Amino acid sequence: MRIDLEPRPARTLALDIGAPIVALVAAIIFGGIVIWLLGKSPTLAFEVYFINPLLEGWSLQELAVKACPLVLIAVGLSFCYRANLWNIGAEGQFITGGLLGGWLGILTHNEAYQGLIGGWWILPSMLVLGAIGGALYALIPALLRVWLGASEILTSLMLVYVAELGLDWLVRGPFKDPEGFNFPQSVVFDDIARLPFLAEGERLHAGVLLALIAALIAAFVFARSLFGFEVRLIGEAPRAARFAGFDDRKLTLTVFVISGALAGLAGICEVAGQIGQLTPKISPGYGFTAIIVAFLGRLSPVGILVAALVLALTYIGGEAAQVELSLPSDMTRAFQGILLMCVLVADIATRYRIRLRLGAAA
Amino acid sequence: MTSEMFQLILMTVVTAATPLILAAIGELVTERAGVLNLGVEGMMIMGAALGFAGAYASGSTTIGALCGIVAGTLMAALFGLLTIGLAINQVASGLALTIFGLGLSGLLGTGFVGLKRDAAPQLHIQGLSDLPYMGELVFGEDPFVYAAILLVAGTAWFLSRTRAGLALRATGDNHQSAHALGLPVRRTRFLATLFGGACAGLAGAYLTLAYTPFWSPGMTAGRGWIALALVVFASWRPWRIVLGALLFGGATVLQLHAQAASFGLPGQLLSAAPYLATIVALLFLSSGARRNAAAPAALGQPFIAPR
Amino acid sequence: MINEREMHAAPLLSLRGIVKRFGSFTANDQISLDIHEGEAHALIGENGAGKSTLVKIIYGLLEPTEGVIAFHGQPVRLAGPEAARAQGVGMVFQHFSLFDNLTVAENIALVLPRKTPLSGLRDRIAEVADRYRMPLDPDREVWSLSAGERQRIEIARCLLQDPRLIILDEPTSVLTPQEAYALFETLDRLKDEGRALLYISHKLEEVRRLCETATILRLGRKVGSCDPRQESSRSLAALMVGSAICDIRSPATRDLGSERLTVSHLSLASEDIHGVDLDDVSLSVRCGEIFGIAGVAGNGQSEFFAALSGERLAQSHEAIRLDRLAVGKSDITERRKRGAAFVPEERNGHAAAGDFSLTGNFVLSRHATVGLISRGLIHFGKARALTAEVIATFDVRKAGEDPAARTLSGGNLQKFVVGREILSEPKILVINQPTWGVDAAAAATIRQALVDLAARGAAVLLISQDLDELFEICDRIAVMHEGRLSKAREARGVTREEIGLLMTGDGPEGSAHAH
């Protein structure tokens, strides 16, 4: 068997929008086959994963809350990936952002340092610290690449393990709640150090707004600014970018800082929003899922908004499936892997006609 | 420290190094053909899960190892279909393969969590294995260790001495030229990728059949990524993989002993040591032109037959 | 003699009605030709005429959509190059099919039939090298060899298979005139041994020197065949292009003013491990002058271009001056703001980004110099207007409103990138291989634009491997060899042979520095 690829003359909008949808449908079918092979009902699973969460108000809000970190991280990653730089350590940057921001939350616990000027400054500072924590951590692989030519793929990933262990150590050691019966967790932040809810008694917190704003700004930057042009050009044709007068070393550092800062912001939004304290496990793998979100959204900020909702659905559906179908949470991960592969195939199909020739030699 | 104990520590170093050697030698062949498969972690964990399942069901370590090899090979075939057949970006496909492998292995292994079986037996040659100082180290390892060494030797011979090895290196050096001369670029790359998958699967199976004779989800713990770094560290030369893997194995074992001795260092810091060591190893060999000279020139570039 | 043989034996190779389609595009349309033993057959035509496609079909790399290939009258289906080699076809590629990191012997071993023992290979290489007087060291890695040496590997590799038909695709394009003579002697010997040659070239003088039959292709069709020895180069060119080619109009006298571009003692180590270091290069180009740099590819030209453009910075600020102002350590944007413009050799991926629209590609090199940017935002309206001007002025043919650069043909994309720079009215233009792989009409347009630009007072530095081009439009010519630049000579007072000697490093100056 042989596969031939013939370049398509031009990309069309219909292909650009249609491809991710086809990919999603294909992934659902493949996922269904896996579930069927596991001896469960694929139609029931489809209902639990993709229909039920959309039927209730609270779960729709939960969807937005889960999509929030995914959007923030994926928007940042889209800068890296468009520049053809492979930051796959967003999970680590998420953690360090949560840690640095969370540190201020711990410090100001029980109205400490709030006497003179009140506590209004705490939350903004936590958000800034979160972004800084992520950005600095992302700067490590970027600098190692620029200075020494080390593969950013491997270094950024290794740093995820290091960040996870660092968080584990901190919440069992210095950051541990002294009155927490030796549980590995920090104190719960004061209310003033937590992201406000958008409406009384609801689950939507202000991080959702931040994610929306970040996506819109990024869309504008890509469409209109010279910087956005620079990022796209460097990824597409690095020599041409040099010819255009763009400095690839500076750009490498910049996109890593942007992507790290957004991942860090996502981290502190999660810590100061949903969780409210530091625990050994502050992320259910958002940093990795966001990679899929970025690709499903075709590296476009608006696409990412939609894609994040789809993947948030797999988290919520996955939790329900664990309870209702006793499908392990690994199903979600396997589905995410299948989805990413389908997206990549669909992406190639927008650029090439794929022809299968049976019987021909490779 | 008695020589007895010293030998025992060296043996644990070898045991820690073996999965890395197996996975890295396979990836080395894949990369020499010009394919960067970042899915080693995913192939390895599938090998670990299915290796354990196969061995548990059949009661045979050999069948378990074969199951691991098959699992890794199938995963690699999927990767080959994407990156070689469809010329999809190899980095993204490798990530997808890893995510998929971690998830699927968890699903398949659900029923095996908590089960145990005996570790693969070690070789015992009357007389030789009992020799003092080195006897057990040289003649008393489990069969996987010898398989790993044979694989490295075979790979070194294949790449430098055979015509097929020459064609494989040529494909990794310049796929356009290879195609123009009529060398089957895609077939060569596909086979090299399958070999990489088989080795990664075997490496995974080693973990559940010999290293820790039980299955737990995510148990590869980044070893696949470390193997990828080892290939860079070894500058794509087979025997240097053994050297690098032994150094890593040493670091791992040292870390375990340090944990036990508890010098007051946080255990998490010691656990992070292998990952930090990987970064340092990458820096050593990454700097400057030496790395560029050693890396296969066409590594990671998708090949689409020109008109 | 040939006619006599034709009577008795079926031709070595005959093609009948060969058609090759790629989608809706027909690259070869009903091509038939015969090649006999001992015949040197030329295949001539413009870029894009379908020569490469036809050759790939003969070498088994492509399968024809229709038509018959026959060897000695027996129709065959060529499943791949190995099958073609089994029929006695050998090929010397234009862009060498060599592996930089393998040795000469390994490169050769790769194409020999599978059962060939590799042990005696070294001796056989030595034997062939000796017989055809082509010295070769089997243990060298290819990256360390010159273009001429690389071609010898290609030829030796081909000869070790004892081919009956040897295809040579533009074999002299990277050779000095002297190396080309040596090649012709080798080719004459091969002909005497009864081997047939299929010679692809657009250098018509060579075709007249070597071949007794020529097949002319235009737009995928065979438009005629002739005995090139009976034709003039001019009549052959007319057959090839299908219309007469205009000569370049040069102004009668040129006003050479002050020095606009000055390079003094520029030395720079290459970034590429297989690259060439620049060694003490000096030159100056004045207003109104076209200064040519000749040389075989890979002798430091691309490194020199990068140093002049500012893509790589010089060690000393004073090494490069634009209008007397030192710019050696200024980046490319800074140099553009001082009135310089640059056109690199590679269109795709260097001068232009294939997936970007033409407007995007306009922004690429002009963003800093025509007020396209304010507060970090791009004025796309203005960029579109300026792009339209380039397209209109240089007659760039395209499909669609603002198509991606990769959809343009080579000639049209080259006109676009040259036009993009020339419309900025640069005071200094540095241009590398402007007509490489471009059709004759586009090449003429580009050369005319360079002459006109110089006539308006700009200094033009033209790096080219095409001696004809250099002699046609340059005022002075210097030669780059192994990173060193020879003394410049007046184009009118120097012969091709002298330039050729300098290209091999054997000029009167030897390897001494000339300044």
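The dialogue below takes up a chain interface and then a helix pair in this predicted model.

Student: How many residues of chain B are in contact with chain A?

Tutor: On the chain B side there are 47 residues, and they meet 45 residues of chain A.

Student: What area is buried between chain B and chain A?

Tutor: The size of an interface is often given as the accessible area lost when the parts come together. Here the area buried between the two chains is about 4100 Å², with carbon and sulfur atoms giving 82% of that.

Student: Which residues form the salt bridge between the chains?

Tutor: The count between chain B and chain A is 1 salt bridge. A:Asp4 pairs with B:Arg186, and their closest N and O atoms lie 3.8 Å apart.

Student: Which helix gives the most to the side of chain B that touches chain A?

Tutor: α4(B) does, with 13 residues. The helices of chain B that each supply at least two residues include α3 (61–85), α4 (90–109) and α9 (185–211). By type, the residues on this side of chain B divide into 30 nonpolar, 13 polar and 4 charged.

Student: At what angle do α13 and α14 of chain C pack?

Tutor: Helix α13 (residues 380–393) and helix α14 (residues 410–422) of chain C pack at about 115 degrees, their axes being 9 Å apart. Their crossing is right-handed.

Student: Which residues meet there?

Tutor: From α13(C) come C:Thr387, C:Val390 and C:Ile391, which meet C:Phe416, C:Gly419 and C:Arg420 of α14(C). The residues of this contact divide into 3 nonpolar, 2 polar and 1 charged.

Notes. Residues numbered from 1 in each chain as written. Chains lettered and ligands numbered in written order. Predicted model: local features only at pLDDT ≥ 70, side-chain atom pairs only at ≥ 80, totals over all residues. Heavy atoms only, no water. Contact = heavy atoms within 4.5 Å. Buried area = accessible area lost by both parts, 1.4 Å probe. Salt bridge = Lys/Arg side-chain N within 4 Å of Asp/Glu carboxyl O. Helix = DSSP H or I, 4+ residues; strand = E, 2+ residues; numbered from the N terminus. Nonpolar A, V, L, I, M, F, W, Y, C, P; charged D, E, K, R; others polar. Axes fitted to C-alpha atoms, helices over the stretch in contact; angles between N-to-C directions. Left-handed = near helix turned anticlockwise from the far one by under 90°.
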